[in-house]
Amino acid sequence: MTAQHEAPSTGTQETLEVWIDQDLCTGDGICAQYAPEVFELDIDGLAYVKSPDDELLQDAGATTPVPLPLLQDVVDSAKECPGDCIHVRRVSDRVEVYGPDAE
């Protein structure tokens with residue numbers, strides 16, 4: 001078995017959302033490098049997700065939809081995050097498909 005992940009087995013039509021656990025964020029900014037449309041570092045040095053309207057979402061546990069064209073960038077962000085704090089889950093059942101709690 002390899003550690004590589006493909007698109008969710010439920011198909012690429014599945015709506016996904018992403019959130020960041022700021023308590024674990026190391027502020028490396030790797031996520032913002034991979035997907036600046038989705039992630040941004042704030043003045044506190046931590047990463048946050050952004051709304052589709054480019055608004056920084058600073059509430060704990062705030063989620064934002066993962067645009068399908070950016071799915072691989074978001075997945076790569078979750079894989080490379082040194083804080084292991086990026087969670088990508090299905091909206092339909094809130095099951096994590098990428099990130100530290102993915103099965």
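Okay, so helices here are DSSP runs of H or I with at least four residues, strands are runs of E with at least two, and both are numbered from the N terminus. Counted that way, the chain has two helices and seven strands. In sequence order the pattern reads β-α-β-β-β-β-α-β-β.

Quick housekeeping. This is a predicted model, so local features need pLDDT of at least 70 and side-chain atom pairs count only at pLDDT 80 or more, while totals for chains, interfaces and linings use all residues. Residues are numbered from 1 along each chain as its sequence is written, and side-chain values use heavy atoms, with hydrogens and water left out.

Now the overall numbers. I'll call a residue buried under 20% relative accessible area, exposed over 50%, and partly exposed in between, with a 1.4 Å probe and protein chains only. On that scale, 38% of the 103 residues of the chain are buried. The chain exposes about 6,100 Å², and carbon and sulfur atoms supply 47% of that; those areas come from the Shrake-Rupley method with a 1.4 Å probe, and for residues only the protein chains shown count as cover. A contact means heavy atoms within 4.5 Å. Taking contacts in the chain with a separation of 6 or more, 54% are between residues 24 or more positions apart.

On to the core. By nonpolar core I mean a set of buried Ala, Val, Leu, Ile, Met, Phe, Trp, Tyr and Cys residues joined through side-chain atoms within 4.5 Å. The largest one has 22 residues, and those with the most contacts inside it are Val18, Phe39, Val74, Ile86 and Val88. Two or more residues each come from strand 1 (16-20), strand 3 (47-50), helix 2 (71-80), strand 6 (86-90) and strand 7 (96-98). Helix 2 gives the most, with four residues. Click on Val88 if you want a way in: setting aside residues up to four places away in sequence, Val88 touches Leu16, Glu17, Val18, Val66, Val74, Val95, Glu96, Val97 and Tyr98.

Staying with helix 2, which of its residues are buried? Leu71, Val74, Val75, Ser77 and Ala78. They cover an arc of only 155° around the axis, so they sit on the same side of helix 2; the arc is taken from the directions from the helix axis to the C-beta atoms. What do these buried residues pack against? Strand 1, helix 1 (30-34), strand 2 (39-41), strand 6 and strand 7.

Next, charges. My salt bridge rule is a side-chain nitrogen of Lys or Arg within 4 Å of a carboxyl oxygen of Asp or Glu, and the count comes to four. One of them is Glu17 with Arg89, where the closest N and O atoms are 2.7 Å apart. Glu17 lies in strand 1 and Arg89 in strand 6, so this pair ties together parts that are 72 residues apart in sequence. Buried or exposed, this Glu17 and Arg89 pair? Both residues are buried.

Asp93 and Arg90 also meet through their side chains, at 2.8 Å from N to O. Here Asp93 is partly exposed, at 39% relative accessible area, whereas Arg90 is buried at 14%. Then there's a network: salt bridges that share partners join Glu40, Lys50 and Asp54. Within that group, the Asp54 to Lys50 bridge is 2.8 Å, N to O, and Lys50 is buried, with a relative accessible area of 8%.

A disulfide here needs a pair of cysteine sulfur atoms within 2.5 Å, and the structure holds zero of them.

Last stop, two loop residues. Gln22 is in the loop between strand 1 and helix 1, and Gln22 is buried at 15% relative accessible area. Leaving out neighbours within four places in sequence, Gln22 is in contact with Leu46, Ala47 and Tyr48. Gly45 is in the loop between strand 2 and strand 3, and at 32% relative accessibility Gly45 is partly exposed. Gly45 and Gly27 are 18 residues apart along the chain, with their C-alpha atoms separated by 5.4 Å.
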